[in-house]
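This report walks through side-chain pairings, a ligand shell and some backbone details. Keep the coordinates open while reading.

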Amino acid sequence: MDNSPLSLFAHTHASYSSLMEKRLGYGRHHAGFLYKEWMRKGTCGGSDPAFANAGDLLCSLLEQSDFSHPELIQTQSGGEASKFLLKASDGLEMESVMIAMKTSGTLCISSQVGCRMGCAFCETGRMGLLRNLTAAEIVSQVFVARHRLNFDFNSIVFMGMGEPLDNYEEVMQAIRILADPQGLGFGVRRLTVSTSGCVDKIYRLMDEELVPNLAVSVNAPRDDVRMKLMPVNRQYNMEDLYRVMDEYGQRTGREILVEYVLIKDKTDALSDADDLALYLRGLNVRVNLIPYNSQSKHPFTTPDDSVIEAFFQRMRSHGYLTFLRRSKGQKVMAACGQLGNRELRKSFLINKSPC
Ligand code: SF4
């Protein structure tokens with residue numbers, strides 16, 4: 001039997017307790033208690049009265065448990081959005097963004113280091129995929145935000161680095177752990193998975209026991225435009241995407257968040273708004289407009305404010321619930337599709353040869 005310590009971040013309450021019981025031959029109840037304390041309070045419950053008589057059992061549980069999370073190496077504040085970096089044991093960094101809202105905040109987490117989807121406007125996409133994050137690494141981002149940085153948030157979005165559905169198994173395991181009422185306790189309705197449009201995985205997602213909210217980066221009004229911006233469109237075109245969004249909405253009864261990046265002279269014309277409105281007709285959606293955040297080497301630019309406003313008003317006039325997301329993370333490179341530590345990318349490109 002493998003006797004290496006069990007990482008709490010890789011387990012639900014039930015799996016951790018039962019594995020501990022198997023290892024020790026007893027102690028399920030105390031293991032469960034330890035798990036709950038650690039996930040909810042961020043400290044070890046060893047001094048709790050419930051452990052007063054646990055004695056050797058507690059020592060064994062502590063010895064066999066791994067409470068460590070990736071090292072917090074940097075926090076960067078940019079007003080309402082702050083970014084933090086965790087360093088994995090192999091040296092790769094994962095980025096998360098804390099977005100403070102009036103009532104409570106949102107935590108944006110990463111599912112991969114880099115991304116292989118290659119969206120033309122995306123800083124992370126330019127890194128390529130370095131690797132998938134494990135469920136424990138995904139959960140660690142939430143634990144650190146809550147218990148080490150004391151960030152107050154009530155929703156979690158998989159909108160950081162990576163395409164979550166390209167790392168399906170680990171993301172699903174992370175969702176099970178995050179949603180465990182005996183642990184961190186985030187209901188699935190407070191978890192949103194954002195995808196560039198991996199249609200086959202969206203079908204799979206709606207069959208899961210725990211079904212999160214869905215956000216889809218549509219980003220274009222028509223196939224001809226989307227084909228140029230998002231390579232995934234060659235595999236699943238906008239009609240495929242429409243069908244899966246329709247089914248997801250019907251089966252879950254939930255609204256889908258449609259994300260649309262406004263890029264000057266590419267996706268920002270009023271006729272684009274009309275085409276987008278036509279495309280979305282019949283779906284239960286809310287539309288988030290995200291003005292492109294200009295980056296040094298990208299060929300794209302941000303539309304003028306007046307153009308952004310006109311697009312926004314046009315979508316509203318078509319009857320869509322539309323929001324304009326002025327990028328709260330702009331100052332710290334934490335806006336959508338713009339995560340991806342520049343220094344990390346530089347060193348990776350210098351130090352490693354392409355696969
Ligand atoms: S926008 Fe999302 S899916 Fe596309 S390359 Fe960037 S991180 Fe990947």
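A residue counts as exposed when its relative accessible area is over 50%, as buried when that area is under 20%, and as partly exposed in between. Asn-150 has a relative accessibility of 61%, so Asn-150 is exposed. The model is a predicted one.

## Backbone: two asparagines

Most residues other than glycine have a negative phi. Asn-150 has a positive phi of about 50°, although it is not a glycine. Asn-150 sits in the loop between α4 (135–148) and β9.

Asn-219 also has a positive phi, of about 65°, and is not a glycine. Asn-219 belongs to the loop between β11 and α7. Is Asn-219 buried or exposed? Its relative accessible area is 4%, so Asn-219 is buried.

## Aromatic pairs

A pair of aromatic rings is described by the distance of the centres and the angle of the planes. How many aromatic pairs does the structure hold? There are 9.

Take Phe-153 and Phe-186. Their ring centres are 5.4 Å apart and their planes meet at 10°, so this pair is stacked. Phe-153 is buried, at 4% relative accessibility. Phe-186 is buried too, with a relative accessible area of 0%.

Tyr-292 and Phe-300 form an edge-to-face pair, because their planes stand at 90°, with the centres 6.0 Å apart. Tyr-292 is buried at 2% relative accessibility. Phe-300 is buried at 10%.

Arg-146 lies over the face of Phe-153, 5.7 Å from the ring centre.

Elsewhere, ring pairs join Phe-9, Trp-38, Phe-67 and Phe-143 into a cluster.

## The ligand shell

Which residues surround the ligand? They are Cys-115, Met-117, Gly-118, Cys-119, Cys-122, Gly-125, Gly-162 and Ser-196. By class, the shell has 4 nonpolar and 4 polar residues. It has no charged residues.

## Salt bridges

The structure holds 18 salt bridges.

| Asp-275 | Arg-222 | 2.7 Å |

Asp-275 and Arg-222 link distant parts of the chain, 53 residues apart. Asp-275 lies in helix α10 (residues 270–280). Arg-222 lies in the loop between β11 (213–217) and α7 (223–229). Asp-275 is partly exposed, at 25% relative accessibility. Arg-222 is partly exposed, at 29%. Both residues belong to a network of salt bridges that also includes Asp-224 and Asp-272.

Asp-274 is partly exposed, with a relative accessible area of 24%. Arg-314 is partly exposed, with a relative accessible area of 29%.

Glu-247 and Arg-251 pair within one helix, α9 (residues 238–252). They are 4 residues apart, which means a separation of about one helical turn. Glu-247 is partly exposed at 31% relative accessibility. Arg-251 is partly exposed at 45%.

Where is Val-225? Val-225 is in helix α7. Its relative accessible area is 11%, so Val-225 is buried. Leaving aside residues up to four places away in sequence, Val-225 touches Ala-220, Lys-266 and Thr-267. Val-225 and Thr-267 are 42 residues apart in sequence. In space, their C-alpha atoms are 7.8 Å apart.

Key:
Residues are numbered from 1 along each chain as its sequence is written. This is a predicted model: local features need pLDDT of at least 70, side-chain atom pairs count only at pLDDT 80 or more; totals for chains, interfaces and linings use all residues. Side-chain values use heavy atoms; hydrogens and water are left out. Rings of Phe, Tyr and Trp (its six-membered ring) pair if their centres lie within 6.5 Å; planes under 30 degrees apart count as stacked, over 60 as edge-to-face and the rest as tilted. Buried means under 20% relative accessible area, exposed over 50%, partly exposed in between (1.4 Å probe, protein chains only). A charge sits over a ring if NZ of Lys or CZ of Arg is within 6 Å of the ring centre and within 35 degrees of the ring normal. A residue is near a molecule or strand if one of its heavy atoms lies within 4 Å of it. Ala, Val, Leu, Ile, Met, Phe, Trp, Tyr, Cys and Pro count as nonpolar, Asp, Glu, Lys and Arg as charged, and the others, Gly among them, as polar. A salt bridge is a side-chain nitrogen of Lys or Arg within 4 Å of a carboxyl oxygen of Asp or Glu. Contact means heavy atoms within 4.5 Å.
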